[in-house]
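Here's a quick briefing to read with the model open beside you. Grab a viewer and follow along, topic by topic.

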Amino acid sequence: MSAMLAAEGLTKNFGAVTAAADITLSFDADTVASLIGANGAGKTTFLNMVTGYLKPDSGRILFGGRNIVGLDPRQVTKLGISRSFQIPQLFSSLSVRDNLLIAESVAAASDPRSAANAALARFGLEPYASRLAGSLSEGIRKLLDVAMALSSRSKLLLLDEPTSGVSADEKFGIMDVVMGAARDAGVRVIFVEHDMDIVARFAGRVVAFYEGGIIGDGPPQTVLRMKDVRRYVIGEEAPHAQA
Amino acid sequence: MRAVAGTVVALVMLGGLSYSAPQWLVFMAMLVLAKGIVVLGLLVLMRTGLVSFGQGLYFGIGAYAAALLSHHWYIGDAAAMLLAGALAAGLTASILGLLLAGYRDIFFAMLSLAFSMILYGMLVKSAALGSTDGFNLHARAFLGFVLAPDAERRVFLFAGGVCVVVGSLLVHTLMAGHWGRLATAIRDNELRVSYLGASPYRVVYLNYLIAGGLAGFGGALAALAVGHVDPETAYWTTSGEFVFIAILGGTQSILVPYVAAAFFEALRTIASQYAPNVWQMSLGVAMLAIIMFLPAGLWSLAQRRRRSA
């Protein structure tokens, strides 16, 4: 069995709201997985539990066979799970290059300066290297956010809505860059996404969340056609996944 | 290269002042260095986005540690006093820092203020330490060399000044590299720092420790200059003065705290001489003017000149 990340019986309630209802899932190292679902379905809660930001009420999360429940975000990151955010989390008063330099220095790269330069090149951020992170457009901020997450020690990269807030014509370009960089670095990717065209194009497996549970799990062409998924996740009218 | 040039200039100035300045100027210079190094510590904290309104705590601890050495244990060596001041303050910071490093913003500022006022209260109530009057200290030697009475302060100024230069260079080196960037990163976005795998708590803790140790050294140096300590050293107005000087100067260079402290001491001396009843108001007006016209501090004047040149 080659599960790199596995959740067993994960439960999380916020008062009367169930954000995770006994979720059991495992992700192997070979397939890019996408988590879909309407707002409040539990996707980001799942990411937050995996990265130690939230502690599940019960259940286990195994990363490389080790239970990581109870570790804080810093410890989880050190094990090799990194993440990007729906709203990019940057160091706004520092330059793009310094943002990456900090990421690589913290990740204890042997030569942080050239690692940061490599990241600049890989993500096409060189023209922005000396701009302040706070002054960038949303698309570039998203790229920088992912570039920082994908530092030299990541093994698994979790992306929370990598294309939200980005203009429609930029979306595919950004995903191409991100997925290409992750592939080159040998890093596995799980991403949360609302845009079904992006999901159909980049994911090898789709997990559909609804009210804290999972209502569909499989290859995109199957899951995106399931009745419940179309009803609760996509919304009835749009048969997106005709591809 | 600029650091080397700055160091040489600073050392030459120190040598000149120590050798030939009148006693009143030697005294002023010691106070300026003492306050400057406390403010340098504040700037280190400010890099992480934290302002301490309680550096008087460490200033007071440093001053009393130095004074106690001479008064209670009859050790009159200034080197031992300076070391004792820095160590006592550093030790206290290493304990209080465990708690304070978990707080941010106004909570950090107020907690640090609270601790300094606890020390103030203890000193005021302590008859053995002279209560509100404090007590005198006298340093007669440096590193075992007994000094002639009129040379004492000159030697202390030079030796203390060399320590200040070395300390400032160490801080500069630390803050110019990864550590300084990480501190700024914490000010900008702590969540991201954690998610990169670094500990904001640890960075804040160590910066707090540095600030505490520097303030303790400054307190001991001030005690050597004045020859007397009293609870005022730990009072909130003293802490406020450090914040005042920090804002006055700005945060752009490690030279700033010393320039700003000199400006502050000069301003206060002049104000209390020519307008003894309203000298605090004069300081307040100066502060208002700085905030309105030079929001980045006095140092922005130097930068403006460099840009237009």
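This is a predicted model: local features need pLDDT of at least 70, side-chain atom pairs count only at pLDDT 80 or more; totals for chains, interfaces and linings use all residues.

The buried residues of α7(B) pack against α3 (96–106) of chain A, and also against α2 (23–47), α8 and α9 (200–226) of chain B. Packing here rests on contacts, meaning that C-beta atoms, placed from the backbone, lie within 7 Å of each other.

Residues are numbered from 1 along each chain as its sequence is written, while chains are lettered from A and ligands numbered from 1 in the order in which they are written.

**Where the chains meet**

- Which residues of α7(B) are buried? They are B:Arg181, B:Leu182, B:Ala183, B:Ala185, B:Ile186, B:Arg187 and B:Asp188. (Buried means 20 or more other C-beta atoms within 10 Å of the residue's own, exposed means 12 or fewer, and partly exposed is in between; C-beta atoms are placed from the backbone.)
- The contact draws on 15 residues from chain B and 20 residues from chain A.
- On the side of chain B that touches chain A, the elements giving two or more residues are α7 (178–188) and α8 (190–196) of chain B.
- α7(B) gives the most to that side, with six residues.
- By type, the side of chain B that touches chain A splits into six nonpolar, six polar and three charged residues. (Ala, Val, Leu, Ile, Met, Phe, Trp, Tyr, Cys and Pro count as nonpolar; Asp, Glu, Lys and Arg as charged; the others, Gly among them, as polar.)

**Chain B as a whole**

- Chain B has 13 helices and four strands.
- Its radius of gyration is 19 Å, close to the 19 Å from the globule rule for 309 residues, so chain B is as compact as a globular protein of that length. (The radius is taken over C-alpha atoms, and the rule is 2.2 Å times the number of residues to the power 0.38.)
- The C-alpha trace of chain B spans about 55 × 50 × 40 Å along its principal axes.
- Of the 309 residues in chain B, 47% count as buried.
- Take the contacts in chain B between residues at least 6 apart in sequence: 79% of them join residues at least 24 apart.

**The antiparallel sheet of chain A**

- Four strands make an open sheet in the order β2-β1-β4-β5 (chain A), paired antiparallel. (Strands pair if DSSP finds at least two bridges between them.)
- At the edges sit β2 and β5 (66–67) of chain A, each pairing on one side only.
- Strand β1 (residues 3–14) of chain A pairs antiparallel with strand β2 (residues 17–28) of chain A over eight bridges, and A:Leu5 has A:Phe27 as its bridge partner in β2(A).
- β1(A) and β2(A) form a hairpin with two residues between them, and A:Gly15 in the turn has a positive phi of about 60°.
- Strand β4 (residues 58–63) of chain A pairs antiparallel with β5(A) over two bridges, with A:Leu62 opposite A:Asn67 in β5(A).

**Around β7(A)**

- Strand β7 (residues 156–160) of chain A is mostly covered, with five of its five residues buried.
- Both faces are covered: A:Leu156, A:Leu158 and A:Asp160 are buried on one side, and A:Leu157 and A:Leu159 on the other.
- Strand β6 (residues 81–83) of chain A runs parallel to β7(A), joined to it by three bridges; A:Ser82 has A:Leu157 as its bridge partner in β7(A).
- β7(A) also pairs in the parallel sense with strand β8 (residues 188–192) of chain A, over five bridges, and A:Leu156 stands opposite A:Arg188 in β8(A).

- Most residues other than glycine have a negative phi.
- A:Glu161, in the loop between β7 and α6 of chain A, has a positive phi near 50° without being a glycine.
- Why does A:Glu161 count as buried? Because A:Glu161 has 21 C-beta neighbours inside 10 Å.
- B:Asp105 lies in helix α5 (residues 105–125) of chain B and has a positive phi of about 55°, although it is not a glycine.
- B:Asp105 is exposed, with 10 other C-beta atoms within 10 Å.

Technical notes:
Two residues are in contact if their C-beta atoms, placed from the backbone, lie within 7 Å.
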